[in-house]
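Subject: Structure handover

Hello,

Here is the structure I said I would pass on. My notes on it follow below.

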Amino acid sequence: MRYLRILILIVATSMMSGDFSGVSMPLSAAVKKPASGKSTAKSTKPATPAKTKSKKRKTKKKTKKAVKAAARETSSGVRKQQQSIDREISLTTEQIKANDVAVSTNLATLQTLDRDVEAQRKRVANLLTREQQLHSNINACISSIDEGERRLKDMRDRYVAAVRKMRVARKRSNAMTFIFASRTFYQALRRMRYLQTFADWRQRREKEIKQEIARLEGHRKQLATSRAALQTTLSEQEQASRTLAAKQQEQSSTVSRLRANGDALRSHLARKQAETNALNAKIAQLIAAERAEAEAAEKRRQEQEAREAAEKAERERVAAQKAEEARLAAEKAAAEKAAAEEREATAREKEAKEQARRDKAAKDKEAKEAKEAARKEAARKEQARKEKNNKAASGDDSRYADARRRKPRPSETKKPKAETPAKSAAGFAAAKGSLPRPVAGTFNVVSKFGRHPLPNLPEVMYDNLGIDAEVQKGASAQAVYPGTVSGVFAIPGYNTVVIVNHGEYYTVYGNIGSPSVKKGDSVKSGQGLGNLVADPSEGGRTIIHFEVWHNREKLNPEAWIRS
């Protein structure tokens, strides 16, 4: 449109000046060529003003038509060009989405294949170990059979030799003749014992030979069983090796596809890493805010305790001061009372002396007794005064409290202390290595903790804040330890994330579709936090993302849960 406006402005300027050199229309379109020399000569005659105006009008009309046609062509070209650009943008966007889906699917396939390859490798290694054990058993059985056959042959040879010797002797005389041919009774008894001993030996040899034959038969059966097991193991090993080779070939094909789509792979990993960094920042921000709030609450609690301690100390100081004033007042009153009693005693003593002087002769004895009674009374009173002073000094506080009928203030009563975050953190730390898995049932780790390369792609690194594990469809995330829900929020790439606070420790559960808890809820160990969702971009797999934090430090979750 900008170029069209410029073109129209140039044409208009040319029309106003009478110069059409700026118009793209050829001059032959406005002026016809002469047919012959006569017409050329005729056309060289000066034109009249009317003819000149008519030519100008015709030229002007043709110029306007040419401008309009050029404008229509230019506008149509611009629209076509814009539509072409839009189509290219749409195709590029669709291609980018398709590449991203392909990369995501290939990465999911690569993770699954890596797990399958590792499992097949372990199976092949176990089968090799089993094969070696079977070979050892077979060799041991063959050695036992050879040894048994040699021993059996020796036993048979000795038994046959003894039996033959006995048969030769029996041809000369039978057993009864051998016994009755004895010269004495003791010789006959010895011969009977000899025959009985030989019979017993023969039975024992026959039994030993049968036992050895049975033992050899057992070894032969064990050998046949071991050879059959070896054959089965070799078949399984061959099948496992073929499966392993197929998995490795498929893994190599997947890696080749990823390498061929390198730009899309880097873009996908950059996006995933950006999502991981966003989750990291969100968790760090939440933990920082919560720790700051906890520190502020702890500071307020300490300040409150300090204020209460200061108020208590002030009350105790005031009470002690009042008690001291009461004690001093009691001592002063006691001293005044003692002085008054002493003055009274002195006055009575003077009066007694005066009376004694008046009746000295008649009442000497009574005066002495009165004097002694007055002295004892003064001592008793002095003792009572001292006891009263001591009692006043020791019991002023209780008398002061009893006099006021004072009750303890509510702030002075001891409050039961709830479980502190430090105790909760200590319990969580003690459970390291024995925490349950964050989901029941299948739990296959497909992405480990920390910075590590992708399978068979050492040049492609990925930094994982926790672990990712493939679980059963429809599984629910479960709390691994009692705590309080600190946050429930949605973040791209992780669906809904739930964070549970365990004192100084935090656990993070990602890829939840429908959370069943909210911020501030208390959860128990094994309590469901929400159903996990299957990700189509991950090949329809259900993946749980699990993290463990100690304040702002990221920990390896596999070191905390049971294997």
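Strands E6 and E7 pair in the antiparallel sense, over six bridges. One of the residue pairs involved is alanine 490 with threonine 496, the latter in E7. Five residues lie between the two strands of this hairpin, and glycine 493 there takes a positive phi near 90°. E6, which covers residues 483-490, is also joined to strand E9 (residues 522-523) by two bridges, again antiparallel. Here glycine 483 has valine 523 of E9 as its bridge partner.

Please keep in mind that this is a predicted model.

Valine 488 sits in strand E6. Is this residue buried, partly exposed or exposed? Valine 488 is partly exposed, because its relative accessible area is 31%, which falls between the 20% limit for buried and the 50% limit for exposed. Leaving out residues up to four places away in sequence, valine 488 touches Thr496, Val497, Val498, Pro515, Val517, Lys518 and Lys519. Between valine 488 and valine 500 there are 9.2 Å in space, C-alpha to C-alpha, and the two are twelve residues apart in sequence.

Asparagine 501 belongs to strand E7. Its relative accessible area is 17%, so asparagine 501 counts as buried. What does the side chain of asparagine 501 make a polar contact with? The partner is the side chain of glutamate 290, at 2.6 Å. The asparagine 501 side chain also reaches the backbone nitrogen of glycine 503, at 2.9 Å. Beyond four places in sequence, the contacts of asparagine 501 are Glu290, Gly483, Thr484, Ser486 and Tyr506.

In soluble globular proteins, nonpolar side chains tend to be buried together. The largest nonpolar core in this model has 30 residues, and Leu435, Phe443, Tyr509 and Leu529 have the most contacts inside it. Elements that give two or more residues to this core include helix H10 (421-430), strand E7 (496-502), strand E8 (505-515) and strand E12 (541-550).

Leucine 529 has contacts beyond four places in sequence with residues including Ser476, Val498, Val500, Tyr509, Ile512 and Val523.

Salt bridges

How many salt bridges does the structure hold? There are 22. Side chains of opposite charge can pair when their charged atoms come close. Three of the pairs are described here.

Arginine 215 and glutamate 212 meet through their side chains at 2.3 Å, N to O. They are separated by about one helical turn, because they are three residues apart in helix H6 (residues 185-260).

Arginine 301 and glutamate 305 form a salt bridge at 2.4 Å, N to O. Being four residues apart in helix H7 (residues 262-358), they are also about one helical turn from each other. Arginine 301 is partly exposed at 38%, and glutamate 305 is partly exposed at 39%.

Glutamate 314 and arginine 317 form a salt bridge as well, with their closest N and O atoms 2.6 Å apart. Both lie in helix H7, three residues apart, which is about one turn of the helix. Glutamate 314 is partly exposed at 39% relative accessible area, and arginine 317 is partly exposed at 45%. Elsewhere, salt bridges with shared partners join Glu147, Arg150, Arg151, Glu212 and Arg215 into one network.

Confidence

The mean pLDDT of the chain is 76, and 69% of its residues reach 70 or more. Which elements have the lowest and the highest mean pLDDT? Helix H2 (residues 27-30) has the lowest, at 37, and strand E5 (residues 476-478) the highest, at 94.

There are also stretches where pLDDT stays under 50. Residues 15-45 are one of them, and the model has 19 contacts beyond four places in sequence for that stretch. Residues 410-418 are another, with three such contacts. Where pLDDT is low, the predicted coordinates should not be read in detail.

Regards

Note on methods: Residues numbered from 1 in each chain as written. Predicted model: local features only at pLDDT ≥ 70, side-chain atom pairs only at ≥ 80, totals over all residues. Heavy atoms only, no water. Salt bridge = Lys/Arg side-chain N within 4 Å of Asp/Glu carboxyl O. Buried < 20%, exposed > 50% of the residue type's maximum accessible area, 1.4 Å probe, protein only. Core = buried A, V, L, I, M, F, W, Y, C linked by side-chain atoms within 4.5 Å. Contact = heavy atoms within 4.5 Å. Polar contact = N/O pair within 3.5 Å; in protein donor to acceptor, adjacent residues only side chain to side chain. pLDDT = per-residue confidence, 0-100. Pairing = 2+ DSSP bridges.
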